[in-house]
Amino acid sequence: MNPRSPDVLILGGGVIGLVSALRLLQAGRSVTILERKTVGAGSSHGNCGTITPSHAAPLAAPGVIQLALKWMTQADAPFYVRPRADWRLLGWLTRFARRANGRDYLAGMHAKALLLNRSRALLEQLVRDEGLDCEFATGGTMYVFRDPQAMELANPLLQPLLAEGVEARIVDGAGARTLEPALNDSIVGGHYFANDAHLRPERYVDELARRVRELGGVILENEEITGFEREGERIGAVITAAGQRHAGREVLMALGAWTPLMGRQLRLDLPIQPGKGYSITMENPKAWPRLPLVLKERGVCVTGWESGYRLGSTMEFSGYDDSLNRTRLDALRRAAGEYLREPLGKQVREEWFGWRPMVYDDLPLIGRAPRWDNLWLATGHGMLGVTMSAVTGELISQLITGTSPSIDPRIVAPDRFA
């Protein structure tokens, strides 16, 4: 069977693959997407949908290792590593720990802020220009605290964010409840980030897929990739479980947390670990929060839309274990009960988990893959795939088409670890 031959063959139909496809189509390239399930079935589906320049601070912050060691004994902690023999994970954690210092923290924040601030502006423009019906809303997000000492320790962390152009201000407990009346009286204060936004992520993905198809892009679902045909230093074809062969002049791998597994077939040792997250989606309580919240001490995100209400987050390193951990779901409910006047809706619509592609320097891999002439990567976005989707699509399109890039591509180049 002759290979299908678009200009760009995209592996992965999540938010990153779809925005990249849209931008490439707008640049005049033909595109085919291969998706092993349905579009947005991975971590694009059940996340909290926040668009957050406020998340510019790297996860590898000074002091985080001591906190992580404390959490290791708590199965419901915001960060959890399941004990097991996994040398790749051990190497990843070692490199992560080495970055938990002031110099790397500030350098990483600067790079992340460049990406996040640009993507925030591009994403709002994308939603408007393409007519994406995804409950996009501005108005900010707020990190809220119940522990005065925890808030006091966190307040100085706003200064480097302000220096990177992230809008932020401190509010007291009364101010936090004025901004979001759904908070209960235990809240002592918060950090309000006025330029953040949010949307319903699964609707965003569906709308992106609609526009890709309208512009002539081909999306092939239920096409599980099993291997590659090589032609020297080029990917000649991609093979699926059904025995189909698909080819493209360029191949873009946007497989999220599955990228390192596919990459190993191509001699690529990518520094990505699957970070498992959870969410619960339910009908809105009567007093649901209109402002997305981070329940800071518990590391839980709360997002409400007219169409539903979601509790999410947590980070679990347990490989690709596909079981639903009830302990971690229950932790989301307990956290909501501590911070909110009416924490739960009456009807649960979905309990979900998915894997985020975590890179130890907390920056994505966007650009040409090492060793291969026609292979590109757009992956490793951690918990910020939705937020960084717009800037990733822009940069990938610019790099593949040879257009001058809008940001320095070296900060996210896949070969930066060589």
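**Ground rules.** The model is predicted, so I kept local features only at pLDDT of at least 70 and side-chain atom pairs only at pLDDT 80 or more, while totals for chains, interfaces and linings use all residues. Residues are numbered from 1 along each chain as its sequence is written, and side-chain values use heavy atoms, with hydrogens and water left out.

**The record.** I looked up the UniProt annotation, from an unreviewed entry: "domain: FAD dependent oxidoreductase" covers residues 7-399. Such annotations may be inferred rather than shown by experiment, and their positions follow the numbering used here. I found the end C-alpha atoms of this span 14 Å apart. The span is 34% helix and 27% strand. Helices (H or I, at least four residues) and strands (E, at least two) are DSSP runs, numbered from the N terminus.

I traced an open sheet in the order 10-2-1-14-21-20, with mixed pairing. Two strands pair if DSSP finds at least two bridges between them. Strand 10 (218-220) and strand 20 (365-368) are the edges, each pairing on one side only. Neighbouring strands are turned by 20° against each other on average, direction ignored. Strand 14 (residues 250-253) and strand 21 (residues 375-379) run parallel, joined by three bridges. I noted one partner: Leu 252 bridges to Trp 376 in strand 21.

**Helices on that sheet.** Helix 1 (residues 15-26) packs on the sheet and touches strands including strand 1 (8-11) and strand 2 (31-34). Contact means heavy atoms within 4.5 Å. The direction of helix 1 makes about 170° with that of strand 2. Angles run from 0 to 180 degrees between N-to-C directions, and axes are lines fitted to C-alpha atoms, for helices over the stretch in contact. Helix 12 (residues 385-401) also packs there, touching strand 1, strand 14, strand 20 and strand 21. The direction of helix 12 makes about 10° with that of strand 20.

I found an open sheet in the order 11-12-13, with antiparallel pairing. Its edges are strand 11 (225-231) and strand 13 (245-246). Two bridges join strand 12 (residues 234-240) to strand 13. Val 238 stands opposite His 246 in strand 13.

**A helix crossing.** The axes of helix 5 (residues 102-130) and helix 9 (residues 201-214) come within 11 Å and cross at roughly 55°. That makes helix 5 oblique to helix 9, as angles under 35 degrees count as roughly parallel, over 145 as roughly antiparallel, 65 to 115 as roughly perpendicular and the rest as oblique. Leu 123, Leu 126 and Glu 130 in helix 5 meet Tyr 204, Leu 208, Arg 210 and Arg 211 in helix 9.
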